Every structure is written in structure tokens, then in C-alpha cells.
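Please keep the sequence and the model in view while reading.

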Amino acid sequence: GTYSLSSFDEVGNISLARKTIVSKAYSDAQAKTVYKPGFFSEETIAFVNDFYAECAEKGATFLLTSPPVYENNIGSTQEELEAFDAWARSVFDAPIICEKWSDGFVAYEDLYDGVRHLNSAGASAYTQNLYEDLLPYLT
């Protein structure tokens, strides 16, 4: 199975070759996520900001980025996405390292077994983008 021990290499990376197995009809029928200011609760924001402060006290770097999400499951307008992005950057103390939140939106061809799980090709592309976003923090 996908999440069995045999699907991972000796250092914990998933080595199973994953192709798209979720149907497009199913993926397109999932509830839409609407990103707009207020998306995260005040409790969530406080928790994340407290965790960021705790990491900083211990010398650890804590960063935020957009997760991979199927692009057809986004119910936000471009204006809502831009407002959400600005709002998120204003309420979280931790740096948000993606250029814009929509950088995490992926095509159907990148999905594996759900609208938030990537196949091998999608994971490789997302990881490359994440690597580039992390570079300034690694030097």
C-alpha cells in the first residue's frame, strides 16, 4: 500500500511511483475552498504565532508556505486570493515563503489519490518550487 513501510526508502522518502488514480469527476465535485481574509481563526493564528516565537527562542527557523491543493477546488476569485495573501502576511509573524498563496495550486495531472495528495511528478515539481523558496533561508 501507499503508506506501508515498503513504500519508503531507508531515510523516509516515499519511493513508490505514484500516478493519478483519483477520478477527475470526483476531484471536481469536492467542496471548494474559499481563501479570503479571516480564513484562519484567531485561535489558529495565535497558536502559529506562539509556535513561531517558541522556535525563534530555541534558534529554529519556522516558515509558512501554501500547501498543494487542486486548482479546481478553489472557490476564490483572484481578488479574494490577493486579499487573502496580503491578510495572511499581516497576521502571521512567520515568513510566508511562497510568492503568492496560489503557487501551491496544482493541476489534475499532478494529483494522486485525492485533491490534496500529489503523484510522483506533482510531488517532484512542488518540491522543486519549495526548494527554491527555501534557498534564501539555507545560506
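A residue is called buried at under 20% relative accessible area, exposed at over 50%, and partly exposed in between (1.4 Å probe, protein chains only). The model is predicted, so local features need pLDDT of at least 70 and side-chain atom pairs count only at pLDDT 80 or more, whereas totals for chains, interfaces and linings use all residues. Residues are numbered from 1 along each chain as its sequence is written, and side-chain values use heavy atoms, leaving out hydrogens and water.

Helix α2 comprises residues 42-57; helices here are DSSP runs (H or I, at least four residues), numbered from the N terminus. Within α2, Ile-45, Val-48, Asn-49 and Cys-55 are buried. They lie on the same side of α2 because they cover an arc of only 120° around the axis, taken from the directions from the helix axis to the C-beta atoms. On the face turned away from this buried side, α2 carries the exposed residues Glu-42, Glu-43, Phe-47, Asp-50 and Glu-57. Just after α2, Gly-59 takes a positive phi of about 80°.

The structure also holds four salt bridges, each a side-chain nitrogen of Lys or Arg within 4 Å of a carboxyl oxygen of Asp or Glu. One of them joins Lys-24 and Asp-28, with the closest N and O atoms 3.0 Å apart. These two residues stand four apart in helix α1 (residues 24-29), and therefore about one helical turn separates them. Lys-24 is partly exposed, at 36% relative accessibility. Another salt bridge links Asp-85 with Arg-89 at 2.9 Å; here Asp-85 is buried, at 13%, while Arg-89 is partly exposed, at 32%.

Terms used
Expected span 1.5 Å × (residues − 1).
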